[in-house]
Amino acid sequence: MNPLLERQRLLTRRHFFGRMAAGIGTAALGSMLNPRLFAGDDSGAAILSKPHFTPKARRIIYLFMAGGPSQLDLYDHKPGMDKLHDQDLPDSIRMGQRLTGMTSGQKRFAVVKSLFKFSQHGKCGTWFSELIPHIASIADDICVIKTVNTEAINHDPAITYIQTGFQQPGRPCVGSWLHYGLGTENQNLPSFIVMISNGKESDQPLYTRLWGSGFLPSEYQGVQFRGTGDPVLFLSNPPGIDAQTRRRMLDGMAKLNRKQYDAFADPEINTRISQYEMAYRMQTSVPELTNVSKESEATLKMYGPDVKKPGTFAYNCLLARRMAERGVRFIQLYHRGWDQHNTLPKRIREQCKDTDQPSAALVRDLKARGLLDDTLVVWGGEFGRTVYSQGKIEKESYGRDHHGRNFCIWMAGGGIKGGMSYGETDDYSYNVVKDSVHIHDQNATILHCLGIDHEKLTFRFQGRDYRLTDIHGEVVKGILA
Amino acid sequence: MAILNWSRLLAAGGALAFAGATAFAASSPAKKQAASARATADKPIDFIRDIRPILSDNCFACHGPDDKQRKSKLRLDIREEALKPAKSGDLPIVPGDVAKSHLIERITSRDPDEVMPPPKTKKTLTAQQKDLLKRWIASGADYKGHWAFVKPERPAVPEVQSSKFKVQNPIDAFVLAPLEKEKLKPSAEADKVTLIRRVTLDLTGLPPTPAEVDEFVADKSADAYEKVVSRLLKSPRYGEHMARYWLDAARYADSHGFHIDSERSLWKYRDWVVDAFNKNMPYDQFTIEQLAGDLLPEPTMDQKIASGYVRCNMSTGEGGAIEEEYRAKYAFDRLETTATIWMGLTLTCARCHTHKYDPIQHKEYYGLYSFFNNLNEPIMDGNKPNPDPFLRVPTPEQTKRQAELKKLIESGQAKLDAPMPELDKAQIEWQARWNEKLSEGWSTLAAASAKSTLTNGGATLRVLEDKTLLAEGENPESDTYQLKLKMEPGSLAAIRLETLPHESLPKKGASRAEDGRFRLSEFEAELVANVTDTNSKPKKLRFTQTVADATEGGFEIAKATDGKADTGWGVGAGAIGEPHVALFALGEPMKVTTNSELTVTLRFDASKSKRAIGHFRIAAAQNDALVQLLNPPKLDPWQVVGPFKTENLHQGFTNVFEPEKEVDLKKAYAGVRDEIKWNAKADFEDGKANLLVQDLHGIHGAYFLHRTLTVPAARKLELAIRADDALKLWVNGKLVAERAEDKPGAGMLRATVDLKKGENKFLLKVVTVQGGAYFTFDPKLGDSESVPADMAAILATAKTLSGPQQTKVRNFYRREHSEDFKKAYDDVEKQREEEAAIDKAIPVTMVAKEADKMRETFMLERGEYDKKGDKVEPGVPGILPPLPPGAPTNRLGLALWLNSPEHPLTARVTVNRFWQQYFGVGLVKTPEDFGVQGEVPSHPELLDWLATEFIRSGWDVKRLQRLIVTSATYRQSSKASPELRVRDPESRLLARGPRFRVDGEVLRDTALFVGGLLIEKRGGKAVKPYEPGGLWEAVSFNNAQKYVQDKGEGNYRRSLYTYWKRQSPPPNMLIFDAPTREYCVVRRPRTNTPLQALALLNDPQFVEASRGFADRILREGGRTTESRLTFAFRQATGRSPAADEMKVLEDILKKELADFRNDAESAKKLLNVGNFKAAGGLDQSELAAWTTVASMILNLDETVTKG
C-alpha cells in the first residue's frame, strides 16, 4: 500500500469517521480522537483527545419538562405557606423583580399555598409532594436541586438559554457540545437522539434549534425520533425495495465510488461509502431498538400503563433506556404542558400522571441493569413558577406565572450523589437563600459528570472561543458523588 | 438607469471622500503576507501571520482594546503602548532586547502567580509560540496594523513563469506566484465535460444537459468556454442560484421564528433578490436598496420591497414578552447581521463591552445600533403574516384586472341606476301595497309603567289616551326611559317605535330639545317569558334588522342598537314636525305568553344636550299574518357529518352511504380516521361560499349536510348550488340536483323544487379531496306572497323611501321583474366579488419604515435592555472611515458608507464570499470574521486585486463571477496526487480545481431536473413539497400547526421556493447542512453523514425523482441497455460510463429485472411512490428495475459532487 496514501488517510478526519462507522476502528473513540483530525485545521485546540478527567457518566438522559413545572407544588416544600396564603407578596421579597407581560398588570400579587400535601421520603428524608409518589420512591437515588435559576422569564428565550447557554438562537445545544466533544460510542445509531412525547397538553412550542448544532458542524445536531412513521426520517426502504435489492445497490455504488476514489484520491469518497454502510446498519438497528416486544411484563408494568403506546412519555422513557444500553451518548426527551398559568392544580395532576411513574421507572430500570452508575439522568424545565397566583385564587384552583429566580430540577446516576437535596430558597420560594445554581452551573456540572471541563470544551467561531457556559458556570461540587 | 448615481443623494460635495487611515491602521497595507499558514524557522517573522494571533488569542482579553477589562494598564495591541512601562514599572517589550523585555520573562516563568497567561484562563503558550515571540522582539518587535482595516490598494499583477497552466486573467498570476515559491505545480485544465458540469452547477445550481455538453465539446473555437459562461450568466436560473446563498446570510424565512413561529409574508423580498442578481444590479445599489430602499427619494415599489431585508430578523408574539427587550434584540440582530454580511465583522462582543480583539468600542457598537433603532414597527408581531409596516404588491395581472373591474362596475352600476320608467311606476304601486299590508295588524302596546330611570331630575312620562307617551317635567342632559309593556299571547316578530309631534313640544315636533332634534342613543328590549316563574330570566332581544323612515347624516338607525352611548338615531331638521317610524325586527319570532312582560329602554345619551324624544308610541308585530310577513320561513342551520371514506370522487359520488338511506342526527359513523358525528354549523351562510373542510391531506372524503324548512303551504323553491368537488342534493328523499365533478367556471347549478306543507328535509352530499373544500347553497325564498325579511322591514316603515333603502328595494323589485336587470345586477355583484377576492389575494410584503422622530439610543450595559447607559449618537467605529460627508445619519447613510470605495471591508468581504461559493473555502477562510481573530488571507494580494477590481468595475457582480469562473485556477482538474492532498488537504494553495458535495438544494433540484419533474416557475409564494408527517405538530404550540403538502406543482419547484419554517425547517435540507435561517450564516458546514444517505435513497421526493428518471431513460435513452445507461449516466454526471462501470450497472439491472418480473407486486409498490404518474405503456417490472438503477446513479459520489 502506498505509504503516503495511508498517512493521508490517517490525517483525514472524514476518513477517520468513515473507518469508525464501518466498524474497522472500534476502540474507545474518546482516546482516539485527535483534535487536528476533527474539522480540518481550523477548530484547533478545542476538541478533546480524551476527556479532561475520568468521567463518571458516559451518557445522559435528559427528561426535559417544557413549560416550567411548579417547584412550589412538587419539590420546594414551604410549611409556612398556610400563614402567608392570600397575603400580598412583600416588596422586601419581590425586590422589584421584572414580571412577564402576563402578570405585570395585576393589581395584587397574592401568595397562594400549594393545594398538595408534602411528606418526607427515603432514608434521606427529602420532601416531595403527593403529586409525584413514584419519584418520591426513588428519593435515595436522586439529588433534588432547589436553587436553579435563570434570567429569562419567557419560554422561547428561557428554553433556548438552558439548552444552549444563550437566550438567542445560534449556539449549539448541550447535546451537540457533548457529541462534538466526546464523539460517538456506537456504530449503528445516532449519537444524539431527541424524542418528543404527547401528553394531555402541548401548549408551548419547541424549536429545532433546541437540538441544533448552532455554529458547530451540522453532523452534531440531534436526530429527532418521531412517534409515528419511521422513527428516524427516511429510515425505511421505499415500498417494493427489499434488503437484498438495497444491498445490491450499495455494493454497486461502492464499486463505482471506489473507482472514483482511485481517480481523485478524495477522502470524502471513502467517507461517503462508509456513511452508506452505516445507514444500512441503522436500518436494522433502529427497528431493533424500537421493538419493545421482548421487554418483560415486569419491566413494562414498572413504566406504567402508557408504555405500550408509542409517542407517550412512558414509551419514550423505555426507549431511552434501550438507547442507553446501545451506547447513545445523549438522549433528550421533551414533555410539554407544564405552563400552568391557570387551573394549575387540575393540570399539574394530569402532567404528573403522565410523567411521574415513567421518570421513576427509568431510574429504577437503569439501576437494576447496572446502567445508572454511568448514566446521568436529569429531570427539569426551563424555569419555575411564581409563589403568587396569576388570576384569582379560588378554593380548588389557582395559576402561577413564570419564575426564573429559583426552580427545582433533579439529577441522578453517574457522578451525582443520590439521596440529597441541594440549595435553599426563602419562605416564599421567590429568592435563593443558599447555594445558588445558575443554569450555567447546571450545564457545567452536566459536562463535568461526562469528564469535561466546561471551560475547556470550546469552538472558535467569529474569532471567539465559544463554550456552552458562555463565560460563566461553576461546577456544583456539593452534589457530586 | 442601470447604475444610480448615489452621490447625488449626498447633500453636499457629492464626492465620497474619506479621511485618511486611522491610528490603529497606520502602517502599510498587508502586501507581503505569504500564503502559508505555517511559520517555519527559516522564514522571517511576520507580525500579522505569526505574532498577532498569539497575542490576540492569549493576551488581548486583558491587555487589548477594552479599557474596562485592561489589567495593569498594559496594552499590547498597539506598539507604542506596548513599549511603555506597565503599572509595575517594568517594560513589557524592549525592541531588540529579549532579556529586558518583561513580557518574555512572564511568559516563560514557572511560578503560577507570575506566568502569563495566568493558569486560571486555561490558556498556555506552546514552546513554538514562545520562541516566535522571542524572535519577534529580537528582530525589533515590528507591528503592523490589521490588514483588513486598511483600504485595499490595487496590487501589481506578479510576473509568473508560463507553464502548461495558461494564465487566463490576473487571478491566475496571483495564484501561480506563491505556487512557484512553494515549488508546486498547478493542475492541468479539467476535461471539457467536467468543466461544463462544474460551471453549470456553480452558476445555475443545476447540471448541464447532455446536449449542452455535446455542444461545448464540439465547439472547438477559442472562446467556447466563455460562450458557455455567457449563456449561463444570462439564464434566469443564475439569479435563483445566487439568491440562495444570499438568503442564508439575510436569514430569509417564511415564518417569524420565535415562539409561535407563524407564517410571515416576505417572499416578494426573496423574488427581489433573484431579480436583482438576474438583472445584474450593481452591488452598491443592491446594498443601498436592501438597507435603505425606503429612505431613497421617492422610492419605487421595488426599492421598498428590497427594504424587506431589514425585516428578515426573527420576531416574537409571545404572550409575556417585554417589548423593550425584543426591540433591543431585533436591533442587535439587524446590526450584527449587517456587519457580518458587509464587513465580516463580529460585533456581538461589543454588545456587552468593548470588543476583546477588534478595535470596536462598546460605545461605537451603539453608534451603529442606533441606525437600526429607529424603525416604525410593532415589536410584537401579533403572529400575523404582515406585521406593520407592509406593502401591498399587486401582480401586473391583478393591477390590470382591478382596473378592468373598476370600469365594468362603474358602467354596470350606471346601467342599474338608470331609470326604468314602467318598472319604477309599478314598483311604487307594489311598494305602497306592501307598506299597507305591513302596516296592518300592529298591536300598540299599553304601558303598565313608564318612567325615567334617573332617581331625580328625570322626565315624567304620561300615558295619553291613544296609548302614546308624553314626556314632561324635568329635561336633563341625558335621560333614560324605561317602559313595562303589556302584550297579547302569541309571538313577537318586531317592535315599532313611532315618534309623534305634539303641541306641547318645541317647534311642535317630537323632541324635547329647543331645536326639535332628538337623539335616540340606544333602543333596548327584554322579554321575561313568564313573570310568575322565578326561573324565567329576562332575555335580551337581538334585532337583526333596524330600519327607519328618515335619518340625518351620521345618525343612522343602526346606531341606536350599536351599544355605544355616544352615537344614536336622529332625523334631519327638515323632518321635524312629522311623525317618524323606526322598526326593530327580530331574527326569529319569540314566543309570548299571557304572563310575558316586555321591558323597553330608550336611552338619550348621545350628545348630552337634552335631546330626548318627547312624544312616542310603541307597537309590536304580534299578528300571525304580520309575523309571517316580517319573518318568512327560514331554513334551519345545516347539520354536517363527514368525512366518509371513499377511494375517489367517482366512487364517493355513486356509492350509497348510510345518511343517504336515513338521516339520524344522533348516529355516529366510521369516518376516514375517527368516528364521526353530526354537528350543527350555524355559521354557514346562504348565498355565500362556506368552507366545509380546510384540507383532507390527500384523502378523498364524502360529507353529508342536512337541514329542514317548514312552510305554511306547499310551494315551489328556486335554488342555486355548487360545491368542491362533486355533489348530490335530495329534497324529501328525492334527488333534485347532482354534479359528478365541479368544473371551474361551470357556475351555479340551478333547480326548482317542490316543497310540501310543513317540514321539508334537505340532504346534500359533497365529495372532495385535499385543499379547501367550499360549497354554496342559495335558496330564493321570496315570492309574491312574501318578501325577504330585510325587505319586509323596510317596506313596513314607509310608502316612499330614499337613500340606500330605496336602492335596496328598487334592486330587489327590478331583479324580480326584469331578466335584463337581473343579469346586469348579478354581473355587477360578481364583479364586486371578484374585486374583493383580488383585493384579498394581493401579495403583501413586510418593508422597513423609519419612525418620524428619531428614537434616542443609549448604551446598554452588558447588553441588557433595561440597563441604559450614556446616550449615543449615530456613528461608525473610529477604526473605519467616517460617514461620507453629507450622508444622512440613518440607514441610507450607513449603506452609502458601506459602499464607499474608501471602506476597507465591503468589497473584500463580498468577493471572498463569492470565491467561497466556487472553491468551497474563501481566500479568507472565515468569511464571517475579517477581524483580528479571523484567518489571514491565503492570497492577500489576490483578495485585494479582486476587491479593487470589483469596485473599479462599478460593483459589477456578473463580471466578477465571470472573472472567477474563466480563470485557469477555477478550470483546473480536481484530480490531485496523494502528495498534494497531504500537503494541502483543503486546497488553500489552489494547486487543483474545487471538488466538494453540492448543497441540499442543488441535490434536490438536480434529482427533479434529471427526473423530468422540475417545474421552472419563478417567484411567488412559498410551496410545500414532500415532507414526512408530524414534524410541525411535534414542535408547534398545542400541536396546532400542520404541514400540508401541496398538490401538483408545489412538489416540483426549485428548493429556493420551499416554505422555510424556522422552528422546523425542511428536513431534507437540514440533513444536508442548510441553516435554520434563524440567524445570519455566510458559511455552511459540509458534512457527510448516514442520514444523508437515507434521505437520498428513501425520501419519497428522491424515490419519485428516480422513477421519473427511469421513465425518461426508457423513453428517451434509446433501445439498448447500453444506450440507456449512457443516457442516464450522462444526465447525472455529464460523462459516459466506462465499460466496467457499465457492467456494474448492467449486472444489477439484470438481477433487479428478474426479481421484479417474479414479484410484480413489489414493482407496483415501488412505482406507486409519489404523485407522479408515468404515462403508461411501459413494462412495470422494467420501469421498477430502472428505478433502482436511476436511484443508484443519483446517489453516486460523482453525482452529488461538483468535481
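A: Strand β2 (residues 442–444) of chain B pairs with β13(B) in the antiparallel sense, over 3 bridges. Strands here are DSSP runs of E with at least two residues, numbered from the N terminus, and two strands count as paired if DSSP finds at least two bridges between them. In β13(B), Ala619(B) has Thr444(B) standing opposite.

This is a predicted model, in which local features need pLDDT of at least 70, side-chain atom pairs count only at pLDDT 80 or more, and totals for chains, interfaces and linings use all residues. Residues are numbered from 1 along each chain as its sequence is written, chains are lettered from A and ligands numbered from 1 in the order in which they are written, and side-chain values use heavy atoms, with hydrogens and water left out.

Strand β13 itself spans residues 615–621 of chain B and is mostly covered, with 7 of its 7 residues buried. Buried means under 20% relative accessible area, exposed over 50%, and partly exposed in between, with a 1.4 Å probe and protein chains only. Both faces of β13(B) are covered. One side holds His615(B), Arg617(B), Ala619(B) and Ala621(B), and the other holds Phe616(B), Ile618(B) and Ala620(B).

Definitions and conventions: Helices (H or I, at least four residues) and strands (E, at least two) are DSSP runs, numbered from the N terminus.
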